[in-house]
Amino acid sequence: MKNIKLVASDVDGTLINNEYKVTPYTKEVVSKLKDKGIEFVIATGRAHDSALEVANDLDINKDGYGLICLNGLRTYSLPLDTYEAFPTMTYEECETMEVLGQKYHMGILYCFDDVIYFQMDEIAYLDYTIGMKADSVRYFNDKSDSEEIKNLKDIKHRFDKGDPIQKIVYVQSDDFMNLITPRIKKDLDPNYDALLVGQGWLELMPKSITKGSALLKYAESLGIKPEEIMAFGDAENDISMLKVVGHGVAMGNAMPSVKAVAKDITDTNYEDGVAKYIAKHLL
């Protein structure tokens with residue numbers, strides 16, 4: 001694989017372990033890529049601040065590295081906080097997502113730069129908490145970075161001011177979400193994707209915004225061709241980039257749909273799968 005000039009990696013379920021940590025081995029391997037003349041970029045569904053924490057742990061919060069955040073909505077060239085962004089959803093589009101979410105008894109997260117607004121009726125909340133880990137209900141229990149609303153109209157003023165929404169997320173108990181996701185995708189506006197990225201966690205994004213398209217644009221800015229990119233991922237929001245790069249690698253813990261489009265499969269995220277694969281094939 002001597003032609004690889006750029007490595008892109010998802011974060012959760014991929015680059016970090018199940019304790020949400022970057023292992024020393026992963027940090028060591030990623031640091032060696034530059035010595036081989038290979039670029040590295042994080043491509044995640046996380047927002048900037050959360051993604052930057054991972055970059056800090058990897059010690060790549062410096063010139064020559066990048067962050068593709070919010071499934072491709074924003075791309076940052078480190079160490080700057082400025083970004084290139086695509087247009088986001090309008091209030092009217094979010095209203096459609098609200099109606100669909102309520103139809104299927106979803107908890108709905110409206111993610112803005114400064115706060116996550118959430119709405120969920122009592123019955124849906126009880127269903128959600130059954131069998132879910134405490135970390136999964138943090139947006140409904142921890143009010144430090146979130147705010148409860150009754151409906152989307154409560155935050156219409158944010159849209160009126162021109163504040164961009166990052167994304168919408170549906171949450172529900174894992175078993176129920178797996179059952180209902182195909183129905184949601186069938187009812188969803190064809191201009192949007194519903195991406196299952198974790199247990200009980202379904203992200204809604206315009207089809208025009210994907211990790212794949214953002215990664216290709218980032219690579220082009222470096223003079224790198226699609227066939228010269230290696231990418232790692234584990235969930236449905238990673239499929240777009242695994243399909244467009246020269247060498248897409250699914251994690252051992254990846255969803256079946258992700259493994260189906262990958263050219264290869266590595267070990268799990270809790271076995272340093274990304275680092276092991278890089279060390280074996282690129283270093």
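Two strands are taken as paired if DSSP finds at least two bridges between them, strands being DSSP runs of E of at least two residues and helices runs of H or I of at least four, both numbered from the N terminus. The model is predicted, and local features need pLDDT of at least 70, side-chain atom pairs count only at pLDDT 80 or more, and totals for chains, interfaces and linings use all residues. Residues are numbered from 1 along each chain as its sequence is written, and side-chain values use heavy atoms, with hydrogens and water left out.

Six strands form an open sheet with mixed pairing, in the order β8-β7-β6-β9-β11-β10. Its edges are β8 (146–148) and β10 (192–198), each of which pairs on one side only. Within this sheet, β6 (residues 107–112) and β7 (residues 116–119) run antiparallel and are joined by four bridges. C111 has I116 of β7 as its bridge partner.

D272 lies in the loop between β14 (264–265) and α12 (273–281). This residue is buried (under 20% relative accessible area, 1.4 Å probe, protein chains only). Beyond residues up to four places away in sequence, D272 touches T23, Y25 and T26 (heavy atoms within 4.5 Å).

N178 belongs to helix α8 (residues 174–187). Its relative accessibility is 42%, so N178 counts as partly exposed (between the buried limit and the exposed one, over 50%). The C-alpha atoms of N178 and G200 are 7.6 Å apart, at a separation of 22 residues in sequence.

Note on methods
Lys and Arg count as positive and Asp and Glu as negative; His and the chain ends are not counted. A salt bridge is a side-chain nitrogen of Lys or Arg within 4 Å of a carboxyl oxygen of Asp or Glu.
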